[in-house]
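Keep it brief and tie each residue to its place in the fold.

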Amino acid sequence: MRGAPEYRDQAVRIVLRGNGRRVQQSRWSDFIDSVMIRFHIITLFPGTFDSYVNESILKRAQEDKKISFHFYNPRDYADDKFRHIDKKPYGGGPGMVIQALPVIRAVEEALANAKLKIINSKLKNKDSKKKKIAVKIIFFSPTGTQFDTEYAKKTAKKYTDIIMVCGRYEGIDSRVKKVFKMEDVSVGPFVLTGGELPAMILADSISRQIEGVLGDINSLEESRIASPDVYTRPEVLEYKGKKYRVPKVLLSGNHKDIDEWRSNRL
């Protein structure tokens, strides 16, 4: 482990020291105590998340302390000064495999931060019922459990800390999954370059299920009749000599007929 690399996220400054990798200074315990769900993301490329999680609804949800994002780069846990984390695969084959130990150390750091939440809750609630902290570790795989809205609902309801392990190259040494209890999850029957995009999909979908994130809970399309076809002003759109009109039923004011129309469009 080289020197004392610094880890930073949007809420805290953490200094990693030697193999102990302990938290030296931060506002972490105060911050995470007030957040409903914390996403801990293990990734070689944390910069890929910058735009998506810092715009629109997810940005506002962080400002309102509904969610938070915390990133752990396995390179910061490598044993050599060049921060190498990949080796050739046993058994031959193309590409490189991410070594297990740097990823294990990153997951350990995420778990330690979740435990800080437990300690802080006890200190602040000595005379009250202890808060329950539930951690889930997700490993992205095209052969894993298919992620869907129901999965997002259950996860948002049950867990306070969600650790997502993002693979790259030819994958991560599978022994990581023997060290920790993880669930293989897939976002679809296809292969992607890395796990960062699936992590964004899960974070977005799960965050939507938290009360207050969307502002109006009725904005959840999955909890109401929502047609894939939507319309807004003007009532008549003119383009290249043609007129495109809003369906009359949507202008009728009859909500029963509107709901029936929307149901038929599903």
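The largest pocket holds about 370 Å³ of space. Two elements each give two or more residues to its lining: β7 (135–146) and β9 (183–186). The model is a predicted one.

Which element supplies the largest share of the lining of the largest pocket? It is β7, with 4 residues. The lining as a whole counts 22 residues. Nearest the centre of the largest pocket are F140, S141, P142, V191 and L192.

The second largest pocket has a volume of about 200 Å³. Its lining includes K87, K88, P89 and Y90. V97, I98 and Q99 also line the second largest pocket. So do E170, D173, S174 and R175.

## Overall fold

The protein has 266 residues, and 40% of them count as buried. Its secondary structure consists of 8 helices and 11 strands. Among contacts with a separation of 6 or more, 71% join residues 24 or more positions apart. The accessible surface comes to about 15,700 Å². Carbon and sulfur atoms account for 50% of that surface.

## Nonpolar cores

The largest nonpolar core has 28 residues. Which members touch the most others in this core? They are F39, F69 and M164. The strands that give two or more residues to it are β3 (37–42), β4 (67–72), β7 and β8 (161–165). The helices that do so are α3 (56–63), α5 (149–158) and α7 (196–208). Helix α7 gives the most, with 5 residues. Another core, of 21 residues, lies apart from the largest one. A78, I98, V165 and M182 are among its members. One of these, I98, also lines the second largest pocket.

Is I37 buried or exposed? I37 has a relative accessible area of 2%, so it counts as buried, the cut-off being under 20%. I37 is found in strand β3. Setting aside neighbours within four places in sequence, its contacts include K66, I67 and S68. I37 is also in contact with A156, Y159, T160 and I162. I206 and I210 complete the list of its contacts. I37 and Q62 are 25 residues apart in sequence. Their C-alpha atoms are 9.9 Å apart in space.

S207 sits in helix α7. S207 is buried too, with a relative accessible area of 0%. Residues up to four places away in sequence are not counted here. S207 touches F39, L58, I67 and V213. Of these, F39 is one of the residues that touch the most other members of the largest nonpolar core. I67 is in contact with I37 as well. How many residues along the chain separate S207 and A61? They are 146 residues apart, and 8.1 Å separates their C-alpha atoms.

Most residues other than glycine have a negative phi, and most peptide bonds are trans.

K65 has a positive phi, near 60°. K65 lies in the loop between α3 and β4. Its relative accessibility is 38%, so K65 counts as partly exposed.

Y169 also has a positive phi, near 55°. Its place is in the loop between β8 and α6 (176–179). Y169 counts as partly exposed because its relative accessibility is 38%.

Where is the cis peptide bond with omega near 0°? It runs from R233 to P234. P234 lies in the loop between α7 and β10 (236–239).

How values were computed
Residues are numbered from 1 along each chain as its sequence is written. This is a predicted model: local features need pLDDT of at least 70, side-chain atom pairs count only at pLDDT 80 or more; totals for chains, interfaces and linings use all residues. Side-chain values use heavy atoms; hydrogens and water are left out. On a 1 Å grid over the protein atoms alone, a cavity is a set of points where a 1.4 Å probe fits but cannot get out, and a pocket is an open set with protein on both sides within 12 Å along at least five of seven lines; lining residues have an atom within 4 Å of a point. Grid points are joined across faces, edges and corners, and a volume is the space filled by probe spheres set on the points. Buried means under 20% relative accessible area, exposed over 50%, partly exposed in between (1.4 Å probe, protein chains only). Contact means heavy atoms within 4.5 Å. Accessible areas come from the Shrake-Rupley method with a 1.4 Å probe; for residues, only the protein chains shown count as cover. A nonpolar core is a set of buried Ala, Val, Leu, Ile, Met, Phe, Trp, Tyr and Cys residues joined through side-chain atoms within 4.5 Å.
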